Structure formats: structure tokens, C-alpha cells
Amino acid sequence: MHPRNKNAAGYDFAALAATSAALAKHIKTTVAGTPSIDFANPTAVKMLNRAILMHHYGVKGWDIPAGYLCPPIPGRADYIHSVADLLATCNKKNIPSGPGVRVLDIGTGANLVYPLIGHAEYGWSFLGVDIDEAALANAAAIIAKNPELDGEIELRHQTVWENIFTGLLRSGEVFDLSICNPPFHNSPDDVHAVSQRKWNNLNKPGAKRGAVEPRLNFGGGGAELWCNGGERAFVKLMIEQSCNIPKRVMWFTSLLSQGDNLPHIELALKKAKVVESRIIPMAQGQKQSRLIAWSFFGNGEREKWRKEHWSSAPAFGTTAPDAQPAFPVSDSAD
């Protein structure tokens, strides 16, 4: 995990249970004598997420409706810290912080997790966008329970399913960064197959024919988990539409979970004639992923942006690591 990740040393179950009594009843002792939860139990996972958000990030009353994605918080925090380092490469290795740093969150979801972590860690302001009005309503309810977030996190409905950036931004809006966790799967059948495989690996009842229907322990459905063509098609469309707003966002970024998709995304970026692109490796345990970043700003333009947007912004105070290399780089597949 990223060295600034608050869970880099693992979960402090005692502290989390002290913060959230609802988590305590889900904590059990493993055969090795250490505390844990049943990570195949969606309720236990949600209670763990709620406790983490409360304990580490000060978020009160976090909840999501049944059937919506309950993301693993440490992995989402890694994304935020990684893009903070990306911004620092354009700011003399100082991470710009404060509400003057504006972040566009594509597919913010009912959980609102990226804005919650990004604002808590760096004080950034966010525009969270989603096509699902029910998800946005839940995100608004989370903000309402945390009045300090009012004015720091704005929500907006993208009304056209085929659009990502097209028709989204208002006159004069610019952002330092865009982030996205794209739909991973190609179809509902793919989602079911992954559920079945996880259930088999966990020796859960759904592993047997005719038994309980397997389910994803992190929930999610519809546009959260799948789209036609999966993440490859989604990220390619994102790159294509970013060409129409090249100077409205300094760094476009997206997660890319499947290593096999990387050559296709590289090709799409070259076709888009981006000025610079980077691959930032990410890993949580055995899970290997990567963050794709691209920009239509040259070095001189990024320096101008720094002076205009960040000169008065407080620096976070942590020196970022050296910049990740631009394409081409070698990268191991999942």
C-alpha cells in the first residue's frame, strides 16, 4: 500500500471497534489468534468500511442502500494518495492542498468514498458525478450528516448514459484532476461468474449446485459493475471525450484493473495525441492494478497552471516520490 495509507500496517480492529459498536459484533478471532471479520459477509464489510471512514476520516453516519457498491477503503485511499503524488510532480514535489484544488470524480456512486477521503486527507474540493440519481441522493444524505462538507463536495447528475465528459462541465469550470473507477465487467453474466469463482474459493454454500446464490461481498450492481465492453471500452471512451475538453482538466486519470487492457489504452492515448501519459502501479496484497494518467498540458503550461492555481495553496508538507515514467513502460498483467 501507499506509505501514507492509514491502513498500511493493517486494520486496528480494537480502535475501529471502539469507534463503531456496530462493527464489534462482527469481529472474530482467527485460527492464528488475530482479530478479523468474515470478509465474505457483506454486512460485516459495510460495518468495517463505516468504522474506517469514521475513525480515520471523521465521516459520520456513512451508509449505502442495499445492492450498492461497498468499496474497500484502503484501495480507494491508495488512489487518492497516488494522484496527490502526481500533482506534486507538477508542484516542485509538494502536494497542493486545500479547497482550491478541484477534483472531478466520475461515477462518484452512493458511497461517495473518493471525495470523503480526498477532502479529509488533503482538503480538496470535489465535483461528484453519476448517472444514477438514487446514488446521488444517498451521497447527498452523507453530506447532510457531515455539515463541514457542505460547499466542499458538489454533486451533479450526468443525464446521458453514453456521455462521460461530454455535456458535463459548465462555462468556466476547470479542474486540477479527474478520477474514475470505471465499470470492470462486460456484462451481468461476467459479474455472476466472478461471484461464483469467489464463492468457490471461499467454500461458501453457493459453491454447490442449487445452493445459495453466490454474491459479491462488496455488493454493487448495474452501472457500478459493468458496461458494454467493460473497463477497456469505458476508459477508451473517456480518453476520446477528454480530447474535447483538453484544457479544462490538467490531469485525467482512471484505474485500470486488467493488465491485458493496457496495450489497448496505450494505443488510444497515442491516437488522442496526449502530451504526456503515465502508468502508476498500485497493489493491495496480491491484487495488482494500475492508475492511468494523461494530460494535454506541456511542461510550460503545467508550470503556468501551478503559479495561477497553487501558488497560494498550502503545501501538504510531504515530499512526493519521483515521477512515474511515461509510456512505454513494462507492466505485469494480473
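The structure is a predicted model, in which local features need pLDDT of at least 70 and side-chain atom pairs count only at pLDDT 80 or more, while totals for chains, interfaces and linings use all residues. Residues are numbered from 1 along each chain as its sequence is written, and side-chain values use heavy atoms, with hydrogens and water left out.

The chain holds ten helices and eleven strands, taken as DSSP runs (helices H or I with at least four residues, strands E with at least two) numbered from the N terminus. Of its 334 residues, 51% are buried, a term for under 20% relative accessible area with a 1.4 Å probe, against over 50% for exposed and partly exposed in between.

The packing of helix H8 (residues 230-242) with helix H9 (residues 262-272) is summarised here.

| Feature of the H8 and H9 pair | Value |
|---|---|
| Angle | about 15° |
| Distance between axes | 10 Å |

The two helices are therefore roughly parallel to each other, a label for angles under 35 degrees. In contact, meaning heavy atoms within 4.5 Å, Arg232, Val235, Lys236 and Ile239 of H8 meet His264, Ile265, Ala268, Leu269 and Ala272 of H9. By class, this contact has six nonpolar, one polar and two charged residues.

Elsewhere, His119 lies in helix H5 (residues 113-122). Is His119 buried or exposed? With a relative accessible area of 18%, His119 is buried. Leaving aside residues up to four places away in sequence, His119 touches Trp124, Phe126, Glu148, Leu149 and Glu152.

Definitions and conventions. Axes are lines fitted to C-alpha atoms, for helices over the stretch in contact, and angles run from 0 to 180 degrees between N-to-C directions. Angles under 35 degrees count as roughly parallel, over 145 as roughly antiparallel, 65 to 115 as roughly perpendicular and the rest as oblique. Ala, Val, Leu, Ile, Met, Phe, Trp, Tyr, Cys and Pro count as nonpolar, Asp, Glu, Lys and Arg as charged, and the others, Gly among them, as polar.
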